[in-house]
Amino acid sequence: AIMVLQSEVVIDCRGHLLGRLASVIAKELLKGQKVTCVRTEDITISGSIYRNKINFSFFLRKRMNTNPRRGPFHQRSPAEILKRTVRGMLPHTTKRGSTAFKKLKAFEGIPPDYQKRKRVVVPEALQLLRLKPHRKHTRLGALAEQFGWSHNDLIGRLEEKRKVASHAYHVKKKSEESLKKQALENAKDSLSDVTPVLAAYGYD
């Protein structure tokens with residue numbers, strides 16, 4: 001995806017495929033774009049939960065033989081799994097790659113600071129467009145829960161509350177917009193003398 005460089009792009013990860021999303025994010029980070037990912041627990045991975053559990057188990061076996069505390073470290077939360085996936089697509093041991101990686105933030109659910117921000121999707125990474133309907137897929141939150149991530153239910157409850165509040169905010173905003181539009185229509189006749197003058201100065 002070719003994005004115009006902005007101060008920060010907020011991606012709603014729900015329904016995106018992990019690898020395809022990570023590759024787009026990595027490319028944008030290397031261009032200097034700050035990227036924040038929300039709802040990472042709703043990312044999907046192609047393949048059944050059984051298959052992905054086996055793959056993740058292989059990943060957990062990769063550790064230092066003499067002293068496992070030195071790494072590799074296997075984070076269990078969906079946000080950290082996404083970050084680790086993106087890191088593998090960056091030259092993170094170089095200055096350029098580590099600087100790019102610092103521009104990435106990832107969260108489960110949507111934190112209050114991002115609830116009223118515009119969120120975007122990445123069309124070329126959407127499961128709906130990229131995965132055949134009959135193919136099996138795994139929700140990242142469900143996979144993480146199998147390996148010790150214990151906040152799946154909590155995030156679900158918080159998301160339900162957020163959706164109720166978000167819907168109320170949206171309804172209120174739409175009603176205010178319609179009232180404003182009606183007020184402008186009502187005032188059109190009384191402002192007919194002033195409008196051409198203001199238009200000449202660039203005010204619509």
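Is F107 buried, partly exposed or exposed? F107 counts as partly exposed, at 28% relative accessibility. The model is predicted. This briefing covers a helix crossing, the aromatic pairs and one loop glycine. Helix 1 and helix 3 are oblique to each other. Three aromatic pairs turn up in a search of the whole structure.

**Helix 1 against helix 3**

- Two packed helices are described by the angle between their axes and the distance between the axes.
- Helix 1 spans residues 18-31, and helix 3 spans residues 78-87.
- Their axes come within 9 Å and cross at roughly 60°.
- The crossing of helix 1 past helix 3 is right-handed.
- Helix 1 makes the contact through L18, L21, A22, I25, A26 and L29.
- Helix 3 contributes I81, L82, T85 and V86.
- By class, the contact residues comprise nine nonpolar, one polar and no charged.

- A pair of aromatic rings is described by the distance of the centres and the angle of the planes.
- The search of the whole structure gives three such pairs.
- For F56 and F59, the ring centres are 5.5 Å apart and the planes stand at 65°, so this pair is edge-to-face.
- The cut-off for edge-to-face is over 60 degrees.
- Both residues belong to helix 2, residues 49-61.
- F56 and F59 are three residues apart there, about one turn of the helix.
- F56 is buried, at 10% relative accessibility.
- F59 has a relative accessible area of 22% and is partly exposed.
- One aromatic cluster is formed by F56, F59 and F147.

**Aromatic pairs: F107 and Y114**

- The ring centres of F107 and Y114 lie 5.7 Å apart.
- Their planes are at 40°, so the pair is tilted.
- Y114 is buried, since its relative accessible area is 7%.
- F107, at 28%, counts as partly exposed.

**G88 in its loop**

- G88 sits in the loop between helix 3 and helix 4, the latter being 95-101.
- Its relative accessibility is 65%, so G88 counts as exposed.
- The cut-off for exposed is over 50%.
- In sequence, G88 and K62 are 26 residues apart.
- In space, their C-alpha to C-alpha separation is 15 Å.

How values were computed
Residues are numbered from 1 along each chain as its sequence is written. This is a predicted model: local features need pLDDT of at least 70, side-chain atom pairs count only at pLDDT 80 or more; totals for chains, interfaces and linings use all residues. Side-chain values use heavy atoms; hydrogens and water are left out. Axes are lines fitted to C-alpha atoms, for helices over the stretch in contact, and angles run from 0 to 180 degrees between N-to-C directions. Helices (H or I, at least four residues) and strands (E, at least two) are DSSP runs, numbered from the N terminus. Angles under 35 degrees count as roughly parallel, over 145 as roughly antiparallel, 65 to 115 as roughly perpendicular and the rest as oblique. A crossing is left-handed if the near helix is turned anticlockwise from the far one by less than a right angle, and right-handed if clockwise. Contact means heavy atoms within 4.5 Å. Ala, Val, Leu, Ile, Met, Phe, Trp, Tyr, Cys and Pro count as nonpolar, Asp, Glu, Lys and Arg as charged, and the others, Gly among them, as polar. Rings of Phe, Tyr and Trp (its six-membered ring) pair if their centres lie within 6.5 Å; planes under 30 degrees apart count as stacked, over 60 as edge-to-face and the rest as tilted. Buried means under 20% relative accessible area, exposed over 50%, partly exposed in between (1.4 Å probe, protein chains only).
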